[in-house]
Amino acid sequence: MLGRFQGSGLPLLLICLWLGVTAAVPVHAQILEEPAAEAPAAEPAPDPYGRETPRSTVTGLIRALGDQDYNRAGNYFYLSMDGEGQEAEAADFARQLQAALDRGGTLDPFAALANEPAGRIEDGLDAQFESVGSFPEEDAPPIVLVREENAEGVQLWRISDETREWVDRDEPAPEIAAEERAAEATLVAGAPLKDWLILMGLAAISFAGFRLIAAGLLAAIRIFSRDPSRSGLFRFIQAALPPFSLFAAVVCFQLWANAIPVSIVARQTLLRYAGIVAWFALIWFALRLVDAIAQVSAARMQRSERRQAVSVITLLRRTVKVLLLAVAVVAILDTLGVDVTTGVAALGIGGIALALGAQKTVENLVGSVTLIADKPVQVGDFCRVGDVVGTVEDIGMRSTRIRTNDRTVVTIPNGDFSSRQIENYAKRDRFLFNPRIGVEYGIGPAKLKEAVDLIETVLRDHPLVDDDGVRARFADFGASSLDIDIWSYIGVGDFADSLKVRQELLLTIFERLEAADIGIAFPTRTLHLVADPEAQAPRSEPREA
């Protein structure tokens with residue numbers, strides 16, 4: 001039998017099957033013996049009423065009161081009692097609280113409310129309590145939220161029992177009167193139209209009043225100032241008064257709005273958006289203040305001829321303005337209720353991808369820092385950068401602008417600008433005066449020596465020519481002239497002044513040479529005509545055939 005199956009693969013197949021079964025048995029037993037892995041604990045579902053933070057609790061309560069959904073508003077009260085009528089009792093408390101707030105009670109503005117689950121720790125209360133407002137009565141306790149854990153283990157903020165008991169101390173007449181007043185009034189966004197008009201009129205009066213006060217102050221300062229355009233104090237006040245008057249109007253509106261008995265829904269809504277206007281006024285004031293300080297500093301640096309400092313001031317002004325605008329955007333988004341914490345955290349991840357895609361931008365930014373640190377050129381310098389010749393008009397955060405002699409503007413990225421060969425003509429302390437003057441061949445050696453001495457005397461007599469290294473030398477026998485080389489420096493730093501001095505020197509040399517009867521050579525050519533002897537010989541008569 002064995003010999004029968006030797007030529008086939010059946011024994012080998014049986015051996016492999018036996019090894020597979022024996023190897024699988026302990027593995028199977030091990031799998032059966034291992035305990036099942038525990039399933040991860042499910043995270044608690046978010047609160048449907050948004051009571052995780054004091055800010056979200058107050059916002060949800062105001063939204064429920066504006067919708068007149070008192071059953072939903074009752075969920076924002078902490079009720080230590082039990083019973084079937086708990087929901088109805090909570091709705092009554094919500095009506096009573098709205099009536100008390102409409103009589104003059106106040107809630108903290110949206111931006112002042114804590115947006116963290118732990119609340120504010122520095123408010124002087126225990127960790128589980130948070131003060132969010134006050135009642136108009138002098139002996140009234142503050143409106144307090146209490147943090148407690150629900151059945152699902154989620155920490156929630158609700159209006160405390162002490163606040164509820166203070167609201168419930170009166171008869172139920174106030175909430176009934178509030179319902180009757182709301183039923184008779186025309187409601188807009190959960191508040192009577194009359195209350196909206198009162199608050200908006202108050203805001204308009206505040207802004208118009210402070211705007212008129214600011215205009216009057218500017219007019220008075222302009223009258224009593226000798227030269228307002230050159231007065232730094234006047235320019236500062238002129239830049240600061242418009243945004244400051246807007247901010248003061250917002251502050252006064254907040255104080256007056258909390259002092260009049262109007263709907264808490266309308267008041268809290270307008271105060272929330274008044275905070276955006278306040279942020280806008282502060283950023284506006286900061287931007288104008290930065291511009292005013294930068295202009296005064298740049299003018300002072302220009303008067304002292306510190307042109308590199310002007311570039312630094314310009315770069316700093318732009319950087320500060322970008323940072324201020326970023327702060328304003330974050331603050332306004334936070335006031336609108338947008339969660340900026342997640343967005344700011346995402347910038348760390350997105351910044352890596354952004355940096356990979358913005359290598360040129362980073363290179364240009366580093367190049368601008370290099371230009372400011374090394375100071376190869378300054379604003380106003382006449383220079384050559386590669387094959388571009390012109391005057392530097394601006395050194396920005398990304399690029400540098402050069403005005404060419406053809407009055408065109410060439411923009412060079414700072415990364416490329418800092419890596420090029422830069423020739424700064426404005427850094428010259430003096431200009432080379434090195435012309436070659438050719439005199440006529442026929443003047444003779446004595447006159448040639450007189451011409452050399454005369455030219456050197458003109459150079460030494462001029463007050464703006466440096467005495468160091470002044471020389472005039474007979475250099476060469478030119479094709480059409482006897483050449484005299486001049487070597488000297490004009491001791492001025494401005495290119496236009498150097499051209500003026502150069503003209504004076506050339507005119508004086510020309511006058512002295514002409515007075516000495518020494519002519520300036522010009523290209524000439526002498527032609528010698530030689531007669532052809534064969535052409536001049538008489539022709540012989542032709543012979544006869």
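**Close-up 1. The buried residues of helix H15.** Ser-498, Val-501, Leu-505, Ile-509 and Leu-513 are buried in H15; buried means under 20% relative accessible area, exposed over 50% and partly exposed in between, with a 1.4 Å probe and protein chains only. These residues lie on the same side of H15 because they cover an arc of only 100° around the axis, the arc being that of the directions from the helix axis to the C-beta atoms. An α-helix has 3.6 residues a turn, so residues three or four places apart point the same way. Turn to the other side of H15 and you will find Lys-500, Glu-511, Glu-514 and Ala-515 exposed. This is a predicted model, in which local features need pLDDT of at least 70 and side-chain atom pairs count only at pLDDT 80 or more, while totals for chains, interfaces and linings use all residues. Residues are numbered from 1 along each chain as its sequence is written, and side-chain values use heavy atoms, with hydrogens and water left out.

**Close-up 2. What H15 packs against.** The partners of its buried residues are strands E12 (431-433), E13 (436-439) and E15 (482-490), together with helix H14 (445-461). Contact here means heavy atoms within 4.5 Å. Helices (H or I, at least four residues) and strands (E, at least two) are DSSP runs, numbered from the N terminus.

**Close-up 3. H15 from end to end.** The 21 residues of H15 (495-515) span 30 Å from first C-alpha to last, close to the 30 Å expected at 1.5 Å a residue; the expected span is 1.5 Å times one less than the number of residues. At the start of H15, Asp-494 brings a side-chain oxygen to within 3.1 Å of the backbone nitrogen of Ala-496. Just after the helix, Asp-517 has a positive phi of about 60°.

**Close-up 4. An aromatic pair between Phe-382 and Tyr-425.** The structure has four aromatic pairs; rings of Phe, Tyr and Trp (its six-membered ring) pair if their centres lie within 6.5 Å, with planes under 30 degrees apart stacked, over 60 edge-to-face and the rest tilted. Phe-382 and Tyr-425 make a tilted one, 5.5 Å centre to centre with 40° between the planes. This pair links distant parts of the chain, 43 residues apart: Phe-382 belongs to strand E7 (382-385), and Tyr-425 to the loop between E11 (422-424) and E12. Tyr-425 is buried at 15% relative accessible area, whereas Phe-382 is partly exposed at 27%.

Terms used:
Polar contact = N/O pair within 3.5 Å; in protein donor to acceptor, adjacent residues only side chain to side chain.
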